[in-house]
Amino acid sequence: MKFTLNWLREHLETNATLEDILDALTDLGLEVEEVSNPAERLKDFTIGKVLEAEKHPDADKLRVCQVETDAGKTQIICGAPNARAGITVVIAKPGVYVPGIDTTIGVGKIRGIESFGMMCSEREMELSDEHDGIIELPSGEVGERFVDWLAAHDPAKVDTVIEIAITPNRPDALGVHGIARDLAARGLGKVITPDTPAVPGRFPCPIAVSIDEDTRDACPVFYGRVIRGVKNGPSSAWLQDKLRAIGLRPISALVDITNYFTFDRARPLHVFDADKVHGALRVHQAQGGETLIALDEKEYTFAPGMTIISDDKAVESIGGVMGGLASGCTDETTNVFLEGAYFDNVRTALTGRALKINSDARYRFERGIDPTWTPHGIEAATQMILDLCGGEASDVVIAGEMPDVSRAYELDADRLQSLVGMEISETEQKRILESLGFVMEGNMAHVPPWRPDVMGQADLVEEVARVASLTKLEAKPLPRLSSGVPRPVLSPLQKRETAARRTMAALGYNECVTYSFIDQASAKLFGGGEETTALANPISSEMSHMRPALLPGLLQAAQRNQARGKMDLALFEFGSAFHGGEPGEQHLLATGLLVGRTGPKDSHGASRPVDVFDVKADAEAVLAAMGAPAKVQIIRGAQGWWHPGRHGKICLGPKKVLGVFGELHPRVLEAMDVKGPAMAFTLWPEAIPMPKVTKTTRSALTLNDLQAVERDFAFVLDAQVAALDVVNAAAGADKALIEEVRVFDEFIGGNLGDGKKSLAITVRLQPTDKTLRDEDIDAVATKIVEKVTKATGGTLRG
């Protein structure tokens with residue numbers, strides 16, 4: 001939203017400086033984006049007087065002028081047709097930047113004769129589009145700064161332009177009057193509200209207006225009148241200066257007047273050439289397929305339900321968006337129909353977006369304007385048309401009824417303290433609201449019609465705090481909820497998440513944050529893709545379903561990296577996956593992915609492809625960091641996206657699964673276009689049992705002063721027997737005495753025969769009450785052999 005400082009002063013009686021106004025605007029929520037001061041770019045131009053003007057000896061259209069300046073008599077060559085002796089001109093001396101031609105003036109020769117400056121036209125100084133000749137001033141002293149002369153004789157040319165950012169909830173600030181109202185409420189002056197007396201009609205309006213019943217919601221009320229005998233043409237200089245200052249191009253008096261009220265009072269209007277309107281005007285919904293060439297000279301085809309205005313022959317305007325070219329006003333227009341209607345904000349926004357039309361009218365209607373100022377806008381615009389274009393006005397024709405936007409909310413003075421933390425008396429709160437246009441009846445605040453954003457008590461509090469200034473809000477520390485040491489802020493599950501993230505990062509994994517939405521094909525690979533997890537309004541076909549696991553996102557990240565030559569990857573993610581579409585139908589996962597080799601190739605041969613035992617060790621480390629029990633079971637039978645013979649489920653029992661690790665199925669890798677090998681683990685942090693006793697300190701360190709003993713055993717087993725079965729069986733021989741069992745060798749082939757293998761384990765015995773004797777050790781060894789033989793069917797290797 002752009003406006004000039006002098007334009008603002010037409011609505012605000014104030015002695016505030018520009019800096020005070022700019023600071024107040026930003027503090028009120030109308031953030032100042034740019035301040036443009038035309039005087040700044042014209043400050044180096046001075047006034048001179050042409051003493052002599054002779055024809056250039058080598059050019060018919062050039063004049064060699066002797067000009068009196070503040071630096072004395074200067075020679076300037078000029079090609080303007082009006083360059084002659086005796087005129088007062090604007091001089092750009094050498095070194096002065098001329099904005100209109102983007103050039104810094106220097107001393108140069110033109111056809112062999114030196115020129116020491118330039119006499120400027122209005123376009124060269126960006127004052128207007130006039131460039132038929134140089135500026136001729138009616139007055140001015142030699143050496144006087146041109147900006148000082150403009151400030152005294154034509155202040156609009158050097159008026160400061162202010163541009164502010166308008167949030168969608170402040171349509172009232174899309175007019176200069178609304179901005180002045182806010183500043184007056186802040187205390188920077190008094191708002192000026194001119195009267196808008198009704199213009200009496202001289203004859204009945206010859207153009208009737210109707211609104212279809214099914215369109216009353218989209219256009220509740222329509223005001224209009226004919227003004228005949230007007231003389232259209234360029235608008236007055238003051239009006240053109242205002243529009244040019246805010247970046248609008250003056251078109252004609254009639255059009256400029258409607259643009260003026262759009263920015264002055266946030267009241268879009270439209271003018272039809274009455275002689276081009278055939279019969280009555282009808283506001284109705286489009287049936288679909290109608291077309292219109294709009295004022296931007298583009299043809300638009302309407303969809304069913306769009307609000308349009310038609311006469312007896314064709315569509316003439318798009319309601320609340322843009323008028324039609326056929327009924328637009330030209331210099332030949334003598335009779336005009338002035339329209340002032342109120343259009344629904346949602347319907348206007350939908351129509352504008354569908355047609356891809358951005359206009360100042362749409363920008364205001366879709367945010368919501370003051371419907372009650374519609375008749376005042378018609379009267380004010382009528383009077384300006386009569387003043388600038390002449391003519392006589394008809395009676396006002398009205399269709400529909402003014403919508404009821406009245407509403408009131410109770411002002412609770414104490415809520416300012418509870419919501420914002422500011423202490424302002426109830427009397428001052430009421431004064432602030434009244435200065436913004438609210439009508440107070442006791443504690444009930446009646447909302448003004450130009451504030452559609454105020455919809456409750458909290459909005460009243462916001463308005464008071466905004467005007468009082470949030471910069472006055474004092475920071476106060478929150479009171480402590482309890483004495484002594486405060487309770488931990490993080491929950492146990494949040495602590496687990498932190499521990500898991502740190503551990504996976506320490507293991508060399510890179511954290512990824514992937515979308516919670518994936519395509520249906522990828523979701524089906526991991527047990528998802530049902531209708532229950534489908535999005536109602538997906539942003540793309542590749543994000544149509546909630547993810548059933550974290551692995552699809554990590555595999556997609558791996559595929560993108562491999563496509564760019566990064567083949568060896570270690571990625572992890574901690575987040576939620578979804579098994580349904582209802583609240584709560586989600587579960588927390590920690591997933592890691594290893595792809596490629598353990599490291600770059602080297603001369604020592606340390607690099608190798610990643611395998612199942614890499615992710616098994618990493619999964620166990622992460623589980624340990626999250627507080628999982630050390631003794632777990634590893635069983636098979638995981639979901640179908642794991643390799644059937646190269647995976648394991650980490651369990652505390654048959655139904656208590658803590659995680660899964662292993663190699664991903666080749667079918668999954670092929671579908672995701674990932675080059676293997678690819679190993680992964682998925683853990684369920686919520687499945688880890690919470691500690692029964694929560695301590696703030698660590699347990700005491702237990703040290704044994706008795707010598708530990710290790711014994712090795714080798715068993716001949718069927719090749720299908722799992723090593724974990726052997727370890728668990730050996731560990732169960734004496735749970736109190738056996739501290740650790742680990743596998744240290746596996747041998748297949750040789751004289752063992754087909755389908756057999758040899759597995760060697762080390763058993764560590766740690767006594768706690770007495771030193772072990774040989775017979776004690778032999779007794780435990782016998783139990784170990786018996787347990788393993790019974791559990792696996794194996795025999796002790798001789």
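Ile 293 counts as partly exposed because its relative accessibility is 43%, where buried means under 20% relative accessible area, exposed over 50% and partly exposed in between (1.4 Å probe, protein chains only). The model is predicted, and local features need pLDDT of at least 70, side-chain atom pairs count only at pLDDT 80 or more, and totals for chains, interfaces and linings use all residues. Residues are numbered from 1 along each chain as its sequence is written, and side-chain values use heavy atoms, with hydrogens and water left out.

Ile 293 belongs to strand S19 (residues 291–293), strands being DSSP runs (E, at least two residues) and helices likewise (H or I, at least four), numbered from the N terminus. Together with Leu 295 and Leu 325, Ile 293 forms a nonpolar surface patch with about 240 Å² of accessible area; patches are made of residues with over 30% relative accessible area and no salt bridge, nonpolar side chains being joined within 5 Å and like charges within 9 Å. A salt bridge is a side-chain nitrogen of Lys or Arg within 4 Å of a carboxyl oxygen of Asp or Glu.

Strand S39 (residues 709–718) is joined to the antiparallel strand S41 (residues 756–765) by 10 bridges, and Glu 710 has Arg 764 in S41 as its bridge partner.

Notes: Accessible areas come from the Shrake-Rupley method with a 1.4 Å probe; for residues, only the protein chains shown count as cover. Two strands pair if DSSP finds at least two bridges between them.
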